[in-house]
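I am opening a notebook on this structure and will write down what I looked up, entry by entry.

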Amino acid sequence: MTSLPDITSSWAPAPAEPAPGVAVRTAARVFFERFGTAPRWLAVAPGRVNLIGEHTDYNGGYVLPLAIDRHVVIAAAPARGDGARLRAYSAALDQSVDIRLDGSEPPGEPAWANYLRGVVRAFGERGLIAGSIDAAIVSDLPLGGGLSSSAALEVATATLLEEATGATLDPQDKARLCRQAEHDFAGVPCGVMDQVASVIGDAAGALLIDCRSGDVRVIPFADPGVSVLICNTNMKHALADSAYARRVTECAEASRRLGVSSLRDATPAMVESANGTLDAVVARRARHVTTENMRTLAAATHLEAREFAEVGHLMYASHRSLRDDFEVSSAELDALVDIAREIGPAGGVLGARMTGGGFGGCTVTLVRTDCVAAVANTLTIEYRKRTGLTATTFVSRPARGAHVLDPLTVV
Ligand code: ADP
Ligand code: MG
């Protein structure tokens, strides 16, 4: 197994070198070790953290993520050999797969390669078939941590295939293609947020995404005085995927009952007045989605105006709604948010919430930069006291979306 340098606790606001430097160089090295030659391409795709707007994307609503400076990197080069094949090695799992590039490969084992197979299939369907490729995958995103390593893997694969086939996909099309791969090959009925954030990410700020139209607006967020602190519970509960799928079904049920094509078109007042006719659980799910859409739009306005305290209040409200109405939080996520709230504005915390699908994974906390070290410390110590578990914390800043680097310029 090839391990990355331990940077999981690097809360420091300014890393010595801009990401994805370390992961990129590691990928180039791993490629060389396995294939005995230098890579020709380095396809880089970021993960994301969602500031607010959770479980709204598959309801055609609004989300406010930022692409983060942690990535999946695929170092690759054209390969000799018969047929069009992708031979890919994942350093994180220390496993290799061999996939036909003509798109005829069905989902199968190992399961992690389904993210690649699904993207390869979509390229094949468009007649975009590359010659054989050797590839080494290296990542500094946690797998299954709610920071969207799956979308980053899909988007990095698509970025590599663009390069290898000479095609350039429209960014929205590319994001949707990757989402479809996750639906059809990984069986996750996700919205489009993760893939859009990874494709279109912008170092200038967060992305306000209208998940119905696909429109993206960059909300500038480069204030050195405020930092985004990500805290991983390092805990993922079993059955998270089936619970996610159930929420998607419950939301579809709510929109049917409310007579709208998606919950994007419903309001909290509509949900309130339909209370007698909606099943109580379905009503709570709809209340979360409709109020979350409003919170997300409000948060974008406040973020743009640099009203960080207001953004923070909306984050706490989002967490309560996800915990009580949507029921996708966990004891560990609640503990981290509670600790952050207890530290409060006096200790530099402006707001906190769970981020990602839920049932484990990470929280996102808005913190005054001069307090980040102390906050990260208190969160870690208190979390251990309350849960017996070890959290990992790191600061992230907005990052550029997927791109290809020339190995000669980085190695
Ligand atoms: P998240 O997207 O929040 O990290 P998911 O459960 O959606 O969580 O996706 C995690 C899965 O994506 C992993 O279990 C694995 O199958 C795949 N994956 C992500 N990164 C890698 C990687 N570097 N190598 C191999 N598989 C990966
Ligand atoms: Mg994912």
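Which N or O atom lies 2.6 Å from an oxygen atom of ligand 1? I found that this atom belongs to the side chain of Ser-149. I took it as a polar contact, meaning a pair of N or O atoms within 3.5 Å, where within protein one must be able to donate a hydrogen and the other to accept it, and residues adjacent in sequence count only if both atoms are side-chain atoms. I also noted that the protein covers 83% of the 560 Å² of accessible area that ligand 1 has on its own, by the Shrake-Rupley method with a 1.4 Å probe, where for residues only the protein chains shown count as cover.

Before going on, I recorded that this is a predicted model, in which local features need pLDDT of at least 70 and side-chain atom pairs count only at pLDDT 80 or more, while totals for chains, interfaces and linings use all residues. Residues are numbered from 1 along each chain as its sequence is written, chains are lettered from A and ligands numbered from 1 in the order in which they are written, and side-chain values use heavy atoms, with hydrogens and water left out.

Still at ligand 1, I looked up a nitrogen atom that is 2.8 Å from an N or O atom in the side chain of Ser-90, and an oxygen atom that lies 3.4 Å from a backbone N or O atom of Ser-148. I found 17 residues surrounding ligand 1, with Ser-90, Gly-144, Gly-146, Ser-149 and Ser-150 as the closest; a residue counts here if one of its heavy atoms lies within 4 Å.

Next I turned to helix α4, residues 171-186, where helices are DSSP runs of H or I with at least four residues, numbered from the N terminus. I listed its buried residues (under 20% relative accessible area, 1.4 Å probe, protein chains only), among them Leu-177, Cys-178 and Phe-185, and saw that the buried residues pack against α2, α3 and α5.

Last, I looked up Leu-258 in helix α6, which counts as buried because its relative accessibility is 14%.

Technical notes. Helices (H or I, at least four residues) and strands (E, at least two) are DSSP runs, numbered from the N terminus. The expected span of a helix is 1.5 Å times one less than its number of residues. Buried means under 20% relative accessible area, exposed over 50%, partly exposed in between (1.4 Å probe, protein chains only). Contact means heavy atoms within 4.5 Å.
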